[in-house]
Amino acid sequence: LPQAPQEIGFRELAFLAILGTTLAAWLFKSLLARRLTVPASPIAVALIALFGVFLFSLPIALARGTTLYEWARGLAPFVPMLVFFVIATEARDARAYRRLLWAFLLIGGGLAGQTVFTFWQEHLWEPVFIPEVGPIYRRITWIFDAATSPLILAGAIIALVEALFEQGWLKRLAFWGVAFFLSGAIVLTLSRSEIAVLISIAISTIFIVLLKGRLRLTRLAWQLGLVGLLLVAIVVAEPASPIWELIQSRGQALVSTVLNFWDAQSPSSTGDVNILARLDEIRIALEAFAKQPLVGQGLGYSYEVPPAILGEGTFRVQYVHNIIAYFLMTTGLLGTSVFVILVVIASFVFWHKYWRETSTEWDRVLVAAGSTLAALWLYALFFAVFRTLSFNLVVGVTLALLASHCPVRAR
């Protein structure tokens, strides 16, 4: 599927048919058993409350001039989270959840392969000359928008966890290779926020595994040494040198923009265009929130913004590159509070169950799910990735794992 489908074609209909059949089968099975099975977890309560807010936003959106079609488009990306109820009911053991996480890893690997292939096929390390601008380096996201797919980030984190827990050196090396490959695809996107999220979550994941004693420092040291050698080999590679220069220039643009704001100067001429455009989006979203602070403008609300790239004309969008600003705009304090409660509850549930768990196999699955969930939600603070089907599909599965898991000590 495209990152953000603009129309309902065959692939979209196939996805809806599979998802609808899955949810209907779960509901029909529950009705036959005369019991609607829902995990006895605060995560399930918070998720039900969140979808209650989504449905409550329908009359609000219609009253604000949003059409039913626009509201449905606003709701559609979040619908895959409903697989939470199916997964929490049907998948009970660590092996089943590990297969689901591996599915995300495999799909993320496929998208990472397409990203790397596109980069080499288009020779994106070479500048192209534009008469009005001069020589510029093209970003891979201009050609292959799925390069920013959350499945690549999720796959990199899952592969890292597998490498940390794996006992056999050959499998461990293979998982490190997969994690490094997916991380390399993320670097090729030149997305500063995604690279920062990847690094911070990777460090946090290693720390919590070490903290529980599931990983020895000596084993970790030689693994990181191997990764360091691979990094050195890539850095000295000739085609890779422009990438590091571009990352450095984008980092400098970020620092310059922040300093201009700090000095209370106008950054319009020297600031980073992407950052300025996203700050403008957040400003517009907060203005819309201020008009309806309690319930927001409703899902599907759109606003007019100038083009992110220099040009003429305007266009309307339904998203904001920040999940908190988006929820404030569309669902107000009501929906934002429910979402924040869901995040806090999921965090507490993870820590509680992780520290009580005595099984190494379950530890592996818990850390993979918890770290992936943290990475996606953190990424959603900087990018509109939360408005994609794959993002919410992963969120639904990982939340189901945390909600339905019962620590071995408590069984």
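Where is leucine 190 found? I find leucine 190 in the loop between helix H7 (169–188) and H8.

**Ground rules.** I am working on a predicted model, where local features need pLDDT of at least 70, side-chain atom pairs count only at pLDDT 80 or more, and totals for chains, interfaces and linings use all residues. Residues are numbered from 1 along each chain as its sequence is written, and side-chain values use heavy atoms, with hydrogens and water left out.

**Leucine 190, continued.** I looked up its backbone: phi of leucine 190 is near 60°, a positive value in a residue other than glycine. Most residues other than glycine have a negative phi. I also checked burial. Leucine 190 counts as buried because its relative accessibility is 6%. My cut-offs are these: buried is under 20% relative accessible area, exposed is over 50%, and partly exposed is in between, with a 1.4 Å probe and protein chains only.

**Whole chain.** I count 14 helices and four strands in the chain. These are DSSP runs numbered from the N terminus, helices being H or I of at least four residues and strands E of at least two. Of the 411 residues, 48% count as buried. Next I looked at contacts, meaning heavy atoms within 4.5 Å. Among those between residues at least 6 apart in sequence, 72% join residues at least 24 apart.

**H5 against H6.** I took H5 and helix H6 (residues 150–165) next. They pack at an angle of about 120°, with their axes 7 Å apart. H5 is therefore oblique to H6. The scale I use: under 35 degrees is roughly parallel, over 145 roughly antiparallel, 65 to 115 roughly perpendicular, and the rest oblique. Axes are lines fitted to C-alpha atoms, for helices over the stretch in contact, and angles run from 0 to 180 degrees between N-to-C directions. I note a left-handed crossing for H5 and H6. Left-handed has the near helix turned anticlockwise from the far one by less than a right angle, right-handed clockwise. On the H5 side the contact residues include Arg98, Trp102 and Leu105. On the H6 side they include Ile152, Gly155 and Glu162. By class, the contact of H5 with H6 has 11 nonpolar, three polar and two charged residues. For these classes, Ala, Val, Leu, Ile, Met, Phe, Trp, Tyr, Cys and Pro are nonpolar, Asp, Glu, Lys and Arg are charged, and the others, Gly among them, are polar.

**Threonine 118.** This residue sits in helix H5 (residues 94–121). Threonine 118 has 10% relative accessibility, so I log it as buried. Leaving aside neighbours within four places in sequence, threonine 118 contacts Leu124, Ile140, Ile143 and Phe144.

**H4 against H14.** The axes of helix H4 (residues 83–90) and helix H14 (residues 389–404) come within 8 Å and cross at roughly 40°. H4 is therefore oblique to H14. I record a right-handed crossing for H4 and H14. Val83, Phe84, Ile87 and Ala88 of H4 meet H14 residues including Leu393, Val397 and Ala400. The contact of H4 with H14 divides into nine nonpolar, two polar and no charged residues.

**Serine 204.** I place serine 204 in helix H8 (residues 192–211). Serine 204 counts as partly exposed because its relative accessibility is 39%. Its C-alpha atom is separated by 8.3 Å from that of serine 371, 167 residues apart along the chain.
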